[in-house]
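Here is a quick walk through one protein model, written for someone meeting it for the first time. Have a look at the sequence and the fold, then read on.

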Amino acid sequence: MQLVEIAQLYHDRLNMLYDEEEAQSLFLVALADTLNYSRSEYLLNKQQTVPDTALLRLNNILNELMLGRPIQYIVGFAEFYGLKFHVNPSVLIPRPETEELVEWILATYRQQLGNDLSQANLSLLDIGTGSGCIAITLKKHLPKAQMSAMDVSTAALAVARQNALLQEVPVVFIEDDILNPKLEAKMLNLDVVVSNPPYIKEDEKSAMHQNVLANEPHLALFVANERPLIFYEAIADFANQHLKPSGMLFFEINEALGRETVKMLHYKGFVDIHLKLDMQGKERMISAKKPV
C-alpha cells in the first residue's frame, strides 16, 4: 500500500469526525510518529510502498482516531512552543492559547530586562503544572531562573518529571493542593506565579468537543458553577503572600469570566492588571502585579 493511499484512507474514515484539513493534519502526525516523515518528505515520497510494520502502526492509529482518542495520547507526545512533551490521559494536551501565555511572560521580561534572557535571575512557580509544559518551556528560555512547579496529581507530576528529563532542564516539582497548600514556606520571594488552572464551569460541558470530555482529565478542566474562580482566588491569595513587591501573576482564564477575574484581583489588592486577548480575539489571559 502506498503512502498516498493511506492518506486517502485517513481522509475517508475520519471525515465524519474531522474536517478535511484536520484529518490531513492527523495523518501527518501519524506519519511523523511512524516513519519520522515531515510534510515535505511525505510530498516527495507519496508513491512509496509502506513496510508492513509501519502499515500496521498507521492502521492502529487510524482505528483509535475513529474511536475519538486524541492523536497526542495515541502517539504519546504533543508539540508545545517548538518542544516535544510526553502526554497521557493523566495530563491535559497542551493548547496554543497556553503557548501565547508563555510568550507573554517571556515578552514581559524581555521588555524589562532586555532581549537576552539567558542571565535573568528570576524565581518562578507554575501552579497546576500538568505535563510541565509551562514551567519547562519557561526554564528553557530562562536558564538561570529558579523554576518550581506544583500539582495535586501524583500521576501528572510523573509525566512532568519525565518531560523535564526529556528537555534536560532542572525544575523543582512539588505535590501539593493550592486549595489547601502545605508547602508554603518553600515558596517565599517569588518573581512570578503563573497558572492555567481548571476554569471550565460544569454547565459549559455541553459545548465542549466529545473527544475532550471522554479523554482528558476532568480534575484539570472543571470547576463548580457556584464558585468558578475558586482556583484563581486561592492562587491570588498565595501570590499575595509569596510574591516579591512588584512580582507578577499570570493566568490563563475562562474567556467568559475575564471581567470577574479582573474585579477579584482588584479586590485582593493587585495593581497594573491587564486582560489580554488571544489570537482568536478571546479574553484568555490576565497579568497583575503585587504592589510595592
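Predicted model: local features only at pLDDT ≥ 70, side-chain atom pairs only at ≥ 80, totals over all residues.

Residues are numbered from 1 along each chain as its sequence is written, and side-chain values use heavy atoms, with hydrogens and water left out.

You'll find T137 in helix α7, residues 133–141 (helices are DSSP runs of H or I with at least four residues, strands are runs of E with at least two, and both are numbered from the N terminus). D191, on the other hand, sits in strand β6. D191 is buried too, because its relative accessibility is 13%.

| Residue | Relative accessibility | Touches |
|---|---|---|
| D191 | 13% | Y109, N121, L122, S123, L243, K244, G247 and M248 |

Now for the cores. A nonpolar core is a set of buried Ala, Val, Leu, Ile, Met, Phe, Trp, Tyr and Cys residues joined through side-chain atoms within 4.5 Å. The largest one here has 34 residues, and I127, I178, V193, L249, L265 and F270 have the most contacts inside it. Several elements give two or more residues to this core, including β3 (123–127), β6 (190–195) and α11 (258–267). Helix α10 supplies the largest share, seven residues. Beyond its neighbours within four places in sequence, L249 is in contact with residues including V193, I235, L265 and F270. Another core lies apart from that one, with 33 residues, among them I136, L142, F173 and V192.

Finally, the helix pair. Helix α1 (residues 3–14) packs against helix α2 (residues 20–35) at an angle of about 135°, with the axes 9 Å apart (axes are lines fitted to C-alpha atoms, for helices over the stretch in contact, and angles run from 0 to 180 degrees between N-to-C directions). The two are therefore oblique to each other (under 35 degrees is roughly parallel, over 145 roughly antiparallel, 65 to 115 roughly perpendicular, and the rest oblique). On the α1 side, the contact includes L3, I6 and Y10, and on the α2 side it includes A23, L26 and F27.

Methods: Contact = heavy atoms within 4.5 Å. Buried < 20%, exposed > 50% of the residue type's maximum accessible area, 1.4 Å probe, protein only.
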